[in-house]
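Morning, everyone. Have a look at the model first.

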Amino acid sequence: MKLAAPILVEKKEYCCGCGACKAACKINAITMKRDEYGFEFPVIDESKCVGCKKCKDVCAYQNSNNQNKTDKAFAAVSKSTDVMQSASGGVFASVAAEFIKDGGIAAGCSLESNDGRLEPKHIIVDKPDDLHKLLGSKYVHSDTSEIFEKIKQLLSDNKNILFSGTPCQVDALYSYLGKRYDNLYTIDLICHGVPSKKMFSDYLSMLSNKYGLVKEFVFRDKQKGLTFVSRALCENNGKEKYKYIQYGESSYYSNFLRCNTYRECCYSCKYANENRVGDMTIGDFWGIKTQHPELFDSNHSEFDSDKGISCILQNTEQGKKLIEYYGKGLSLYPSTFEKIEKENKQLSEPSVPKGNRDEIMNIYKLKGYEEFDKYFMKQEGSAVLVSKLKSKVPLWLKKIIKN
């Protein structure tokens, strides 16, 4: 007698879209399909399903309680890599560089070109020259469904693996593996939430129509300061040109920062608290001048808030190894979870929309991204012009105005 296919997702807020269930299904009965808003959810082909329920068992978001208490906390900056190429203080770049140098392999999110379109997905990097693909923030959902089995095989081959991702992706990896590996090290990110890959793709398509095909995209270009300016490399008639976009003039970026376009699960995220799943947690140390004013005297010149400063939470013995053995290129300053949490609220509670999420998401669903963008421009009015003018101000002048 054939067993019935399990119900994978009873409510959308119960699924983070990690794809672990798809990866666990060895008869390929599961595909990830987009809903009306562009978010991907697993769908079972009942004609193939044998009812083994491996997909249900491997769902970390619904089953796992794999979390750790922070042991130590730090402010940190890299002294071994170019901090300007990283989102904050360059912690991941420095640790991953040492990890690869020692013969290990790093895995993380990259914007990969697929038929001329940039797609966010997790990839494996084992060469220092390729590490740049994993650096910098990517404010979009990343496809991890193809990476889990690759990592499992590499771990079985005794390769040291460093995996970075959102907390739900880290937990999904642990659940998929089914056991702990001494050669696996994980870094979870302080995550606000993720828009869909489709919305990001639609946004890039709109930019391509305006400025030329987007061949590269950086969410936070620190050459323009730390005020969330993205950079797109656009090709038009064989000529390449950089387009800089202030967050206030971007419908995608502004709504991301306002928490209006995330997956349903992000608003009830079970990982948005002090209990961490990764061996180490990293993010921007927002509010560091208030929490650690002593860092900004002549004795700590390496901590430059204009270049970005990271926070680190050490959560496990593996996390301790990451810092002590692979963190040789870091400048560390002791801090506390409480100081870091002050302006990193996702360490205590899930994100909350700061606008009419239902209305703007329905515009996107019914009319597409162009109308979504027009609605944003109409609502913001002159604020968009102000943001465009800000993007023209050189960094040196911004620093003078700030001081």
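I call two cysteines a disulfide if their sulfur atoms lie within 2.5 Å. This is a predicted model, where local features need pLDDT of at least 70, side-chain atom pairs count only at pLDDT 80 or more, and totals for chains, interfaces and linings use all residues. Residues are numbered from 1 along each chain as its sequence is written, and side-chain values use heavy atoms, with hydrogens and water left out.

Take C59. Its closest cysteine sulfur is in C18, 6.5 Å away, so that is too far for a bond. Now C259. The closest cysteine sulfur belongs to C266, at 9.7 Å, again too far for a bond. C259 is also buried, with 2% relative accessibility. Buried means under 20% relative accessible area, with a 1.4 Å probe and protein chains only.

On to the sheet. Helices (H or I, at least four residues) and strands (E, at least two) are DSSP runs, numbered from the N terminus. Two strands pair if DSSP finds at least two bridges between them.

The sheet is open and has three strands, in the order β8-β9-β10, with antiparallel pairing. At the edges sit β8 (213-218) and β10 (239-246), each pairing on one side only. From one strand to the next, the twist averages 25 degrees. Five bridges link β8 to β9, residues 229-236. In one of them, L213 partners E235 of β9.

Last, helix α7, residues 197-211. This helix lies across β8, β9 and β10, with contact meaning heavy atoms within 4.5 Å. Helix α7 runs at about 125 degrees to β8. Axes are lines fitted to C-alpha atoms, for helices over the stretch in contact, and angles run from 0 to 180 degrees between N-to-C directions.

Methods. Buried means under 20% relative accessible area, exposed over 50%, partly exposed in between (1.4 Å probe, protein chains only).
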